[in-house]
Amino acid sequence: MFNKQRSNRKKFKKVSPMKKQDYLWAYCFIAPCFLGLFIFNIGPIFYTIYLAFTEYGSFGQKTWTGLDNFLRLFQDPNVLIALKNTIIFTGIAVPVSIFLSTIVAVLLNQKIRGVTIYRTLYFLPVITMPVAIGMVWRWLYNGDYGLINYSLGLIGIDGPYWLVDSNIALYSVIIVAIWAAIGYNMIIILAGLQNISPTYYEAAEIDGAGPLAKFFNITIPLITPTLFFVTVISIISTLQTFELIYMMVGINSPVTTSSQTLVFLFYREAFINHDLSYGAAISIMLFLIILLVTIFQLKYQKKWVHYG
Amino acid sequence: MIIPFLWMILTSLKTMGEATQLPPTIIPAIWNWNSYVQVFDYMPFLHFYWNTILMTAGRTIGQLILCSLAAYAFARIAFPGRNILFLITLSVLMVPLQAYAIPQFLIMVELDWLNTLKALIVPGLFSAFGVFLLRQFFMSLPKELDEAAKIDGCNHFQIFFYILLPLTKPALISLSIFTILWSWNDLLWPLIVNSSPSKLPLSAGLASLQGQYATNFPILMAGSLLAIWPMIVIFIFLQRYFIEGITMGSSK
C-alpha cells in the first residue's frame with residue numbers, strides 16, 4: 001500500500017514541468033471540440049438509449065416502461081414495412097449503382113477527350129441539394145405532364161403514376177437514388193483504377209489476353225479493395241435514405257406508409273407524431289442494423305477482397 | 001445524367017401554361033423570367049438564402065478552428081489519455097445522426113433555441129470526421145518542424161498556428177468543402193428544429209415551397225436552380241479538392 005503510493009508519487013514527480021505544460025496545451029486544444037462532441041453526440045447517444053426504455057409524456061415527464069417500446073417495434077406493421085423497404089432500397093440501389101459506376105469509371109479511365117467535362121456531369125447530382133433533385137424528378141415523374149410519361153407515350157407505352165402508385169413509388173425513388181449516387185462511387189473507383197500499374201496489362205498483352213480477359217482477371221481483382229470501401233460507404237448512407245423520399249413521396253401522400261424507410265418512419269414517429277420514446281427505439285434499431293451490416297462486411301471481406 | 005438539369009432550366013423559363021401543355025415543348029416558346037421574381041415575392045426567399053449562408057459559414061469556420069486544434073494535439077503532443085480520447089472521438093463517426101437527433105432536439109428545447117439560427121449552427125460546430133481527417137494530415141508532416149520551432153522558443157500554439165497550420169491547407173480545404181456541401185444541403189436537422197419561415201434555410205424552405213405551390217412547376221424549378229447554383233460554382237472551381245477529399249479515405 002505504502003509502496004504503491006510512493007511509486008505513484010514518484011511517477012508523478014518524474015513528469016517534468018515542461019511535459020506538464022505540454023499536457024496542459026493538449027487538454028486546452030482538445031477541450032472545446034471534445035466537450036462539444038460530448039454534449040451534442042456522445043451524451044445524446046446514451047440518452048437515446050435511456051429514452052427508448054421510457055414513455056415520454058407531452059409535458060416532458062418520463063415513465064420507465066422497460067422493453068415496451070421494443071415489443072411494440074416487433075408488432076408494428078409499419079416497422080415491418082419500413083424495414084422491408086429499407087432492405088429493398090439498399091439491396092437494389094447499392095449493387096446497381098456500384099455496377100454502373102464501375103462501368104462508367106472504366107470508360108472514363110480511357111484516354112478520351114473532355115474527361116473533365118464527363119466527370120463534372122456525372123458529379124452534378126452528388127453536389128446538388130437532394131431537395132432540388134427530389135423536386136425536378138417529381139416533375140419528370142408527373143403522371144400527366146411529366147417528360148418521362150410523354151417520352152414513353154411516343155413509343156406507345158402508357159406510363160404509370162410513378163409516385164402515387166403504392167406498388168411502384170418506392171422503385172421510382174430507388175431509380176433516382178441510383179442516378180444520384182453514380183458520380184460519387186465513380187470518382188472513388190476511378191481513383192482505384194488509376195492506381196493499377198500498367199505493367200500488369202503489358203504482361204497480360206504479351207500473354208495474348210483480350211480486353212475482356214484483362215478486365216476480369218486484372219482490373220476487377222485489383223480494385224476489390226476500392227469496391228469494398230465503396231460498398232461499405234454506400235450501404236451505410238443508403239440505409240439512412242430520407243431526403244429523396246421526403247421530397248418525392250412526401251409526408252401526407254396516400255403512398256407514404258407503403259413507401260417509407262426506417263429513417264422516414266423515425267422522423268414521422270419522433271417529430272410528426274411527437275412520440276420521442278418510440279422514435280428513440282426506432283433509431284436504436286437502425287443503428288444496430290448499420291453496426292451489424294458493417295461488422296459482417298469487415299468479417300467477410302477476406303472472401304473476396306484482394307490486397308496486393 | 002444531365003437531362004434532369006436541362007429540364008429544370010427549361011421549365012423554369014416557361015410560363016405555367018406552357019409547362020403543363022401537351023405535347024410539351026422543349027425550348028420555351030416565350031422566354032419567361034418571371035418565375036425567378038415570383039419566388040422572391042411569394043416566399044421569404046432572401047431569408048432562406050441568408051440563413052443558409054450564415055449556417056454554412058458558421059459551421060465551417062467553427063469546425064476548421066475546433067477540429068484543427070484538437071487534431072494538432074492528437075497528432076503532435078503525447079499526453080495521458082490521448083488514445084482513449086481519440087478512440088471515443090472515432091466511435092462518434094460510426095453513429096448515425098438519427099441516434100442523437102432526439103436528445104439534440106431536447107437540448108434545443110431546453111435552451112429555448114427552436115426557430116433560431118443558433119439551433120442550426122451550434123450542434124454542427126463539432127465534427128469527429130474533421131478531427132480524424134486533419135489528424136491524419138498532421139501525422140504526415142515531419143516531426144523535425146516542431147522540434148526546430150521548440151528550440152527557437154515557440155510554444156505549442158505558435159507551432160500550431162505559424163508552422164503547421166499553413167502546411168495543412170489542402171486538408172483544411174477538403175474539410176471546408178465537405179462541411180459546406182453537407183450544411184448547404186442538410187434537410188433533416190433544419191426540419192426538426194425550425195419551422196418559422198423566416199428562420200428556414202434553403203433546403204427546408206424549398207421543401208415548404210413545394211407544399212404551397214405544388215403545381216406551379218416553373219416557380220419550383222426556378223427556386224431549385226437558385227438554391228443549387230452556388231454549390232455547382234464551388235465544385236467547378238475546387239474540383240481537384242473535392243476529388244482529393246473523397247478519395248483520401250479509399251486508398252487506406
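Biologist: What makes the meeting of the Asp22(A) and Lys150(B) side chains a salt bridge?

Modeller: The N to O distance is 3.5 Å, and the term asks for a side-chain nitrogen of Lys or Arg within 4 Å of a carboxyl oxygen of Asp or Glu, so the pair qualifies. This is a predicted model, where local features need pLDDT of at least 70 and side-chain atom pairs pLDDT 80 or more, while totals for chains, interfaces and linings use all residues. Residues count from 1 along each chain, chains are lettered from A and ligands numbered from 1 as written, and side-chain values use heavy atoms, without hydrogens or water.

Biologist: How many salt bridges does the structure hold over all chains?

Modeller: Six. The Asp22(A) pair crosses from helix α2 of chain A to Lys150(B) in helix α9 (residues 144-151) of chain B, helices being DSSP runs of H or I with at least four residues.

Biologist: What is the area that chain A and chain B bury between them?

Modeller: About 7300 Å², with 81% of it on carbon and sulfur atoms. Phe29(A), Phe40(A) and Trp139(A) lose the most area in chain A, together 11% of what that side buries. Such area is what a 1.4 Å probe can no longer reach once the parts are put together, summed over both.

Biologist: Which residues lie closest to the centre of the second largest pocket?

Modeller: This pocket holds about 550 Å³ of space. Of its 30 lining residues, the closest to the centre are Phe271(A), Phe105(B), Val109(B), Leu114(B) and Ile192(B). Both chains take part: α14 (262-272) of chain A and α6 (98-110), α12 (188-193) and α13 (202-212) of chain B each give two or more residues. The largest share, six residues, comes from α6(B).

Definitions and conventions: On a 1 Å grid over the protein atoms alone, a cavity is a set of points where a 1.4 Å probe fits but cannot get out, and a pocket is an open set with protein on both sides within 12 Å along at least five of seven lines; lining residues have an atom within 4 Å of a point. Grid points are joined across faces, edges and corners, and a volume is the space filled by probe spheres set on the points. Buried area is the accessible area (1.4 Å probe) that two parts lose on being put together, summed over both.
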